[in-house]
Amino acid sequence: MNAYDTEIIYQLLTAIHEKRQVQITNFSRRSEKEKHWHMIPIKLYVSVQGGRSYLICKSVAHGRTLSYRIDYIQKVVIEDVVENYDEK
């Protein structure tokens, strides 16, 4: 984990604590393009086996639960409070 990942994690933990939606900018290694997603962050997961950190979140557009590697997330923008956050 580097200092950049620490800032991303801090922003995600702030959003989780404040029950806010986020916009993440994720770099896709397959398409080699940046993609922007609106998500409701649920929790962070650290793999004991591989040591990688992941964001577990819910897609605002589709309602699906997804995971993103923290080191692939380039930017986090904290957005509005999610009124029904605890109903996930």
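**Exercise 1. Place Arg69 in the fold and list what surrounds its side chain.**

Solution. Arg69 belongs to strand 4. The model is a predicted one. Next, look at polar partners: the side chains of Arg69 and Asp71 are joined by a polar contact of 2.7 Å. Then set aside residues up to four places away in sequence; Arg69 touches Arg52, Ser53 and Tyr54.

**Exercise 2. Work out the order of the strands in the sheet and find its edges.**

Solution. Strands of a sheet pair through backbone hydrogen bonds, in a parallel or an antiparallel way. Here 5 strands make up an open sheet, and their order is 4-3-2-1-5. The pairing is antiparallel. Read the ends of that order: strand 4 (65-69) and strand 5 (73-81) are at the edges. Each of these has a single partner strand, so one side of each has no neighbour in the sheet. From one strand to the next, the twist averages 45 degrees.

Within strand 2, His36 is the residue opposite Thr25.

**Exercise 3. Classify the aromatic pair and the accessibility of its two residues.**

Solution. A pair of aromatic rings is described by the distance of the centres and the angle of the planes. The structure has 1 aromatic pair. Its rings are those of Tyr45 and Tyr54, with centres 6.1 Å apart and planes at 40 degrees, so the pair is tilted. The class follows because only planes under 30 degrees apart count as stacked and those over 60 as edge-to-face.

Now take accessibility. Tyr45 has 43% relative accessibility and therefore counts as partly exposed. Tyr54, at 22%, also counts as partly exposed, because buried means under 20%.

**Exercise 4. Describe the largest nonpolar core and the contacts of Leu12.**

Solution. In soluble globular proteins, nonpolar side chains tend to be buried together. The largest nonpolar core of this model contains 13 residues. Those with the most contacts inside this core are Leu12, Val22, Ile24, Ile70, Ile73 and Val76. Next, ask which elements supply the core: helix 1 (3-18), strand 1, strand 3 (53-59) and strand 5 each give two or more residues. Helix 1 gives the most, with 4 residues.

Finally, follow Leu12 and leave aside its neighbours within four places in sequence. Leu12 is then in contact with Val22, Leu44, Leu55, Ile70, Ile73 and Val76.

How values were computed:
Residues numbered from 1 in each chain as written. Predicted model: local features only at pLDDT ≥ 70, side-chain atom pairs only at ≥ 80, totals over all residues. Heavy atoms only, no water. Phe/Tyr/Trp six-rings, centres within 6.5 Å; stacked < 30°, edge-to-face > 60°. Buried < 20%, exposed > 50% of the residue type's maximum accessible area, 1.4 Å probe, protein only. Pairing = 2+ DSSP bridges. Axes fitted to C-alpha atoms, helices over the stretch in contact; angles between N-to-C directions. Polar contact = N/O pair within 3.5 Å; in protein donor to acceptor, adjacent residues only side chain to side chain. Contact = heavy atoms within 4.5 Å. Core = buried A, V, L, I, M, F, W, Y, C linked by side-chain atoms within 4.5 Å.
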